[in-house]
Amino acid sequence: MANSKLLKFWPKLLLAWVFLITPLKAVDFGWYGTSCLTMTDGETIILTDPFFTRPSFWSVLFGRTLKSDPDLIKSFLEPYQKIKNKIVIISHTHYDHILDLKNLLLMWPDATVIGPKETPLFAPPTHSRFISADTMGPVGIGKFKIRSFPAVHAPLPLGIEFAKGERTSPLPSNPDAYDFLASRSFSFSIEHPQNKIIFHPGAYLKYSHKDFPFVPDTLFVGAQGRHKTKDYLKFLKEIGAAPQKTAIVPVHHDNFFKPLGKEFSVMPLFTYETLKKELNKTPYSFNLKVAPYKGEKPQDDQS
Ligand SMILES: [Zn+2]
């Protein structure tokens, strides 16, 4: 009798043991320029602000049709194709944060999309797994727990407001940059047992770090070299009260008018040196890190 009980219990014990000895996988990050990032623990992948196909400055300015290249998206995301849980986070709906969403979802039809409430207008009509950042509570998928925070879009130079407004109809089939209207922006906390992350691409904030649900291990923050450095620093100074353990990782300071895969270059007003120098003038010591850039075009190696 005792033996049969043990036999029944044994598989559970084995499972518990495997669970206990298997170390939790660290979160692996990839940066593809702008605020397009991957974060994965092998079981779940989060992709933020999908933007791989980068139109030229003139295409944007003159309102030419912006095209998304499915093969290019595939070339970057192929390594993650087999990951069980797929999540796409959208901070706001400007073209440089969402242009590739439609083609991405044709490739990842089961992905859960989290973004501003009008995000489905930028997605294929067949896609149904959507969670509105406007109204969501904490969302748990795999080992990640995600929460949204209303944020403020950083102004462009000369106070220009680019494509401000709310889409009320689906994106046309031949959209230009001005069709990618955005009326609201969000930041997100992304909690994992191995890494507490804040994704804060706008870098504009009504909050101080105290409003985040935790002190982050990793803070992705939109450096946006094309804007006023002093505003960016103002935000960082508020965050600066966070302990040294927070790795501050600037993003969205690259020149995103150049195609991915070409030589990496930053926006004219941004240098890591200036940023460091300015940060050193504050009473805080910042743990500044460079994002793990994965924007080299994979197929370039094979050709
Ligand atoms: Zn924007």
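Let's start with helix H3, residues 70-77: its buried residues are Leu72, Ile73, Phe76 and Leu77. Look down the axis of H3 and those buried residues fall within an arc of 120°, so they line one face of the helix. Here's the general idea behind that: an α-helix has 3.6 residues a turn, so residues three or four places apart point the same way. Keep in mind that this is a predicted model. The rest of this briefing walks through the chain topic by topic.

**The big picture**

- The protein chain has eight helices and 13 strands.
- Of its 303 residues, 39% are buried.
- Take the contacts with a separation of 6 or more: 67% of them link residues 24 or more positions apart.

**How confident is the prediction?**

- Averaged over the protein chain, pLDDT comes to 82, and 75% of the residues score at least 70.
- Watch out for residues 299-303, where pLDDT stays under 50. For that stretch the model has two contacts beyond four places in sequence.
- Where pLDDT is low, the predicted coordinates should not be read in detail.

**The nonpolar core**

- The largest nonpolar core contains 58 residues. Those with the most contacts inside it are Ile46, Phe52, Val88, Ile89, Leu101, Ile190 and Val251.
- In soluble globular proteins, nonpolar side chains tend to be buried together.
- Which residues does valine 251 touch, leaving out residues up to four places away in sequence? Its contacts are Trp31, Ser35, Leu37, Pro201, Phe220, Val221, Gly222, Ala223 and Ala291.

**The six-stranded sheet**

- Six strands make an open sheet in the order S1-S2-S3-S4-S5-S6, and the pairing is mixed.
- Its edge strands are S1 (28-31) and S6 (130-132), each of which pairs on one side only.
- From one strand to the next, the twist averages 15°.
- For an antiparallel pair, look at S1 and strand S2 (residues 37-40), joined by four bridges. Here phenylalanine 29 sits opposite methionine 39 in S2.
- S1 and S2 also form a hairpin, with five residues between them. In its turn, glycine 33 has a positive phi of about 80°.
- Isoleucine 87 is opposite threonine 112 in S5.

- Strand S7 (residues 139-141) and strand S8 (residues 144-151) run antiparallel, with three bridges joining them.
- How many residues lie between S7 and S8 in their hairpin? There are two, and glycine 142 in the turn has a positive phi of about 60°.
- S8 also pairs with strand S9 (residues 185-192), in the antiparallel sense and over seven bridges. In S9, serine 185 is the bridge partner of alanine 151.

**Loop residues to look up**

- Aspartate 49 is not a glycine, yet it has a positive phi of about 40°. You'll find aspartate 49 in the loop between strand S3 (44-48) and helix H2 (57-61).
- Is aspartate 49 buried or exposed? Aspartate 49 has 28 C-beta neighbours inside 10 Å, so it counts as buried, the cut-off for that being 20 or more.
- Alanine 163 isn't a glycine either, and it has a positive phi of about 40°. Its place is in the loop between S8 and S9.
- Alanine 163 has 18 C-beta neighbours inside 10 Å, so it counts as partly exposed.
- Leucine 171 is found in the loop between S8 and S9. With 19 other C-beta atoms within 10 Å, leucine 171 is partly exposed.
- What does leucine 171 touch, not counting residues up to four places away in sequence? The answer is Leu121, Phe122 and Asp179.
- Leucine 171 and leucine 121 are 50 residues apart along the chain, and their C-alpha atoms are separated by 6.0 Å.

Notes: Residues are numbered from 1 along each chain as its sequence is written. A residue is buried if 20 or more other C-beta atoms lie within 10 Å of its own, exposed if 12 or fewer, and partly exposed in between; C-beta atoms are placed from the backbone. Two residues are in contact if their C-beta atoms, placed from the backbone, lie within 7 Å. Two strands pair if DSSP finds at least two bridges between them. The arc is that of the directions from the helix axis to the C-beta atoms. Axes are lines fitted to C-alpha atoms, for helices over the stretch in contact, and angles run from 0 to 180 degrees between N-to-C directions. A nonpolar core is a set of buried Ala, Val, Leu, Ile, Met, Phe, Trp, Tyr and Cys residues joined through C-beta atoms within 7 Å. pLDDT is the predictor's confidence in each residue, from 0 to 100.
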